[in-house]
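This report concerns aromatic rings and their surroundings in one protein model. Please examine the sequence and the structure before reading on.

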Amino acid sequence: MGCVKEATDAPDLERLYRDHGDRLWRAVLAYSGNRQIADDAVAEAFTQALRRVESLRDPMAWIWRVAFRLAAGELKHRRRNVGEPADRGYDDVEGLGDLMAALRTISPNQRGAIVLHHYIGYPVREVASILGSTPPAVRVHLSVGRKRLRALLEEDDDD
């Protein structure tokens, strides 16, 4: 006998949105630095999940992956076509203004790895899957990104 896949339906996705949507949005905001990108990426990820609801084995993992890839794609598009940097004018999310400002200065790969691993708690292997990378590359992004953030945040403390 083969492995039986547990079906997901629209009410399950609605529950996932209620339970995890805010956390996903905050993570995408921390990654992108832009409320509009976070809004659009999260909404589009859940919309795409609704279209594929019957075929998703792990809907939340799939939604996280899609939301981060959509945000990364939009950031790349804006830099390439519009020359627009990430939005610098968003409000201080949960008192994290200095950290959010510092996150904007490190590479998108470092930022994504740090947000997903340290803020959300994903293991390195999952972070790699979400970012379309490899575990060794994610470990490098984490190490270099943490060192850079530490230096940036210590500079702010000295001011």
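Tryptophan 64 and phenylalanine 68 are both buried. The structure shown is a predicted model. Both residues belong to helix H3, which spans residues 59-82. They are four residues apart, about one turn of the helix.

**Aromatic pairs**

How many aromatic pairs does the model contain? The count comes to four. One of them joins tryptophan 64 and phenylalanine 68, whose rings are stacked. Tryptophan 64 also pairs with tyrosine 122, and because the planes of these two rings stand at 80°, where over 60 degrees counts as edge-to-face, the pair is given that name. The table sets out both pairs.

| Pair | Centre to centre | Angle between planes | Arrangement |
|---|---|---|---|
| Tryptophan 64 and phenylalanine 68 | 6.1 Å | 15° | stacked |
| Tryptophan 64 and tyrosine 122 | 5.5 Å | 80° | edge-to-face |

Where does tyrosine 122 lie? Tyrosine 122 is found in the loop between helix H5 (108-120) and helix H6 (124-131), whereas tryptophan 64 lies in helix H3, so their pair ties together parts that are 58 residues apart in sequence. Tyrosine 122 is buried, as is tryptophan 64.

A single aromatic cluster is formed by Tyr31, Trp64, Phe68 and Tyr122. Over the face of tyrosine 31 lies arginine 111, at 5.4 Å from the ring centre.

**The nonpolar core**

In soluble globular proteins, nonpolar side chains tend to be buried together. The largest nonpolar core of this model has 45 residues. Which of its members touch the most other members? They are Leu24, Val28, Ile63, Trp64, Phe68 and Leu103. At least two residues of this core come from each of helix H1 (10-32), helix H2 (35-51), H3, helix H4 (97-105), H5, H6 and helix H7 (135-158).

Phenylalanine 68 illustrates such contacts. Leaving aside residues up to four places away in sequence, phenylalanine 68 touches Leu24, Ala27, Val28, Tyr31, Val115, Leu116, Ile130 and Leu131.

**The second largest pocket**

Rolling a probe the size of a water molecule over the atoms shows where empty space is left. The second largest pocket holds about 190 Å³ of space. Its lining includes Tyr31 and Phe68, two members of the aromatic cluster described above. Ile130 and Leu131 also line this pocket, and both are touched by phenylalanine 68. Among the other lining residues are Arg69, Lys76, Arg79 and Asn109.

Which element gives the most to this lining? Helix H3 does, with seven residues. The elements that supply two or more lining residues are H3, H5 and H6.

Definitions and conventions: Residues numbered from 1 in each chain as written. Predicted model: local features only at pLDDT ≥ 70, side-chain atom pairs only at ≥ 80, totals over all residues. Heavy atoms only, no water. Phe/Tyr/Trp six-rings, centres within 6.5 Å; stacked < 30°, edge-to-face > 60°. Buried < 20%, exposed > 50% of the residue type's maximum accessible area, 1.4 Å probe, protein only. Lys NZ or Arg CZ within 6 Å of the ring centre and 35° of its normal. Core = buried A, V, L, I, M, F, W, Y, C linked by side-chain atoms within 4.5 Å. Contact = heavy atoms within 4.5 Å. 1 Å grid on protein atoms, 1.4 Å probe; cavity = no way out; pocket = protein on both sides within 12 Å on 5 of 7 lines; lining within 4 Å. Points joined across faces, edges and corners; volume = space filled by probe spheres on them.
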